[in-house]
Amino acid sequence: MKVFLKKTIAVLLILFFILSLSACSSKSNNTVQPSNNSNKGDASGETDDSWERIKKAGKITIGIDDAFPPLEFRDEKNNLVGYDIDLAAEAAKRLGIQVEWIPTDWNGVILALNSGKFDIIWSGMSMTKERAQQVDFSPAYLNESQVIVVRGDEESIKTKDDLKGKVVGTQLGSTSEEAAKTLEGIKELKKYSKFTEAFLDLANKRVDAIVVDELVGRYYMTKRPGQFKVLFPLVKEPVGIAFRKQDKALREAITKVLKEMKEDGTMAKISQKWFGEDISVFEEVKFE
């Protein structure tokens, strides 16, 4: 009897142990499953608050190259001035927000945008297929070219072939650099962090020619008559504002204001101020 009782108790203990393990396993499974469902729900319910975030902050931060005249540069009092500066200030005014400009190394400007250093890039950025894979663009507000600039007294360079064996300068990380790389037979391609440094070396004969945005080249021609001259274009490029790809609402808000500024003549007025004529556009650009 005692033996039977002991065996019965042993069996009951084993059954209790098995049931306990089963209950723990069930509880564990019930805990994990809702967590997975919750994560899926968060992903599917994600919303774009990019414009609301800017409105709430009352400020937009803009990444720029602050040595890129006449689009954005420092005047003699170290104030930021230029075509893009005026356009952005007017757009922000209409949107009811303030602007904070953040000077940034151009070679890493898209990485800085996508890492959250600032909200947009509004700094004469050429729109290319490669860049469009990393950011979204506004419609183009300017059209320009990458051109060859030489000293005013330079007579030996008239065509691309004349650049063979020459030292050419440009800005690192720019589309000017990409255009310069298409030049065949040059002796050396020197790369600078800012275009101002490239122009300085050109003036001091440390390079024979430079590849720059046409607007920049012509600005230097007007400010320093006879010292530089623009020769021929290499690549034609539209210019636009860059946004993080997820910031659709912010792009829509700024694009709407930019369109209004084009239609009411504000862009033309600002263009006249900086270029002496209206070269502004508002054109959607598609990349094949």
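Which residue takes a positive phi just after α7? In this predicted model, that residue is Lys205, with a phi of about 65°.

Helix α7 itself spans residues 195-203, and its buried residues are Phe195, Ala198, Phe199, Asp201 and Leu202. Viewed down the axis of α7, these buried residues fall within an arc of 160°, so they line one face of the helix.

An open sheet is formed by three strands in the order β2-β3-β4, with antiparallel pairing. Strand β3, residues 72-74, is joined to the antiparallel β4 by two bridges. Within this pairing, Phe73 stands opposite Val81 of β4.

| Pair | Centre to centre | Angle between planes | Geometry |
|---|---|---|---|
| Phe73 and Tyr219 | 5.5 Å | 55° | tilted |
| Tyr220 and Phe228 | 6.2 Å | 85° | edge-to-face |

Because Phe73 lies in strand β3 and Tyr219 in helix α8 (residues 214-223), their pair ties together parts that are 146 residues apart in sequence. Both Phe73 and Tyr219 are buried, and Tyr220 and Phe228 are likewise buried.

The residues of both pairs belong to one aromatic cluster, formed by Phe73, Phe199, Tyr219, Tyr220, Phe228 and Trp274. Of these, Phe199 is among the buried residues of α7, and Phe73 lies in strand β3.

Terms used:
Residues are numbered from 1 along each chain as its sequence is written. This is a predicted model: local features need pLDDT of at least 70, side-chain atom pairs count only at pLDDT 80 or more; totals for chains, interfaces and linings use all residues. Side-chain values use heavy atoms; hydrogens and water are left out. Two strands pair if DSSP finds at least two bridges between them. Helices (H or I, at least four residues) and strands (E, at least two) are DSSP runs, numbered from the N terminus. Buried means under 20% relative accessible area, exposed over 50%, partly exposed in between (1.4 Å probe, protein chains only). The arc is that of the directions from the helix axis to the C-beta atoms. Rings of Phe, Tyr and Trp (its six-membered ring) pair if their centres lie within 6.5 Å; planes under 30 degrees apart count as stacked, over 60 as edge-to-face and the rest as tilted.
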